[in-house]
Amino acid sequence: MPALFLGLGSNLGDREGLIKAAVSLVGERVGPVMSLSSFYEYEAWGFVSDNVFVNAAAKVETALEPAGVLARVKEIERELGRKKRLAAGYEDRPIDIDILFYGDRIVSLPDLTVPHPLMLSRRFVLEPLAEIAPGFVHPVAKRTVAELLRDMPGQ
């Protein structure tokens, strides 16, 4: 089974509780959660908000194909209170679950790109991910997660 890496974030409500609930549901519906990073706090990225995000990363083993994983995590987001975006761009949300890596596969579907295309510019993704998978090699960048974090601008 491929190692699936997910990025999780929340900036509304019981942020840590929502992430824990999401991880539990992922374990039930996607596959066993093999590791979960610490929780990290970050300011909103891509929009202005008074609400600070809590972010984490999880490693999951799954028998599902990427599209199946996407369908399940979107269902979990809805169950935990995520509403369909009203406008273009980013906004506050009770839960966000992103597929970061699906093993070493490169996936390009109409509604899913893996590795996550913006992860290289997001400290709130790379820092928790580096805690649980520092040696994992990004299949496009051909560098480890630890190297990507170390070489981020502003380090």
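Helix 1 is followed by Gly-31, whose phi is positive, near 160°. The structure is a predicted model, in which local features need pLDDT of at least 70 and side-chain atom pairs count only at pLDDT 80 or more, whereas totals for chains, interfaces and linings use all residues. Residues are numbered from 1 along each chain as its sequence is written, and side-chain values use heavy atoms, with hydrogens and water left out. Helices (H or I, at least four residues) and strands (E, at least two) are DSSP runs, numbered from the N terminus.

Helix 1 comprises 15 residues (residues 15-29), and its end C-alpha atoms are 21 Å apart, which agrees with the 21 Å that it should span at 1.5 Å a residue, the expected span being 1.5 Å times one less than the number of residues. Within this helix, Leu-18, Ile-19, Ala-22, Val-23, Leu-25 and Val-26 are buried, that is, under 20% relative accessible area, as against over 50% for exposed residues and values in between for partly exposed ones (1.4 Å probe, protein chains only). These residues cover an arc of only 165° around the axis, which puts them on the same side of helix 1; the arc is that of the directions from the helix axis to the C-beta atoms. The buried residues of helix 1 are covered by elements including strand 1, strand 2 (33-36), strand 4 (53-61), helix 2 (66-79) and strand 5.

The largest nonpolar core has 26 residues, of which Leu-4, Leu-6, Leu-8, Ile-97 and Ile-99 touch the most other members; such a core is a set of buried Ala, Val, Leu, Ile, Met, Phe, Trp, Tyr and Cys residues joined through side-chain atoms within 4.5 Å. Helix 1 gives the most to this core, with six residues. Apart from this core lies another, of 20 residues, among them Ala-57, Phe-101, Ile-132 and Met-152.

A search of the whole structure finds five aromatic pairs, for which rings of Phe, Tyr and Trp (its six-membered ring) must have centres within 6.5 Å, with planes under 30 degrees apart counted as stacked, over 60 as edge-to-face and the rest as tilted. One of these, between Phe-5 and Phe-101, is edge-to-face, at 6.2 Å centre to centre and 90° between the planes. Because Phe-5 lies in strand 1 (residues 3-10) and Phe-101 in strand 5 (residues 96-102), the pair ties together parts that are 96 residues apart in sequence. Phe-5 counts as buried at 2% relative accessibility, as does Phe-101 at 1%. Ring pairs also link Phe-5, Phe-101 and Phe-136 into a cluster.

Notes
Contact = heavy atoms within 4.5 Å.
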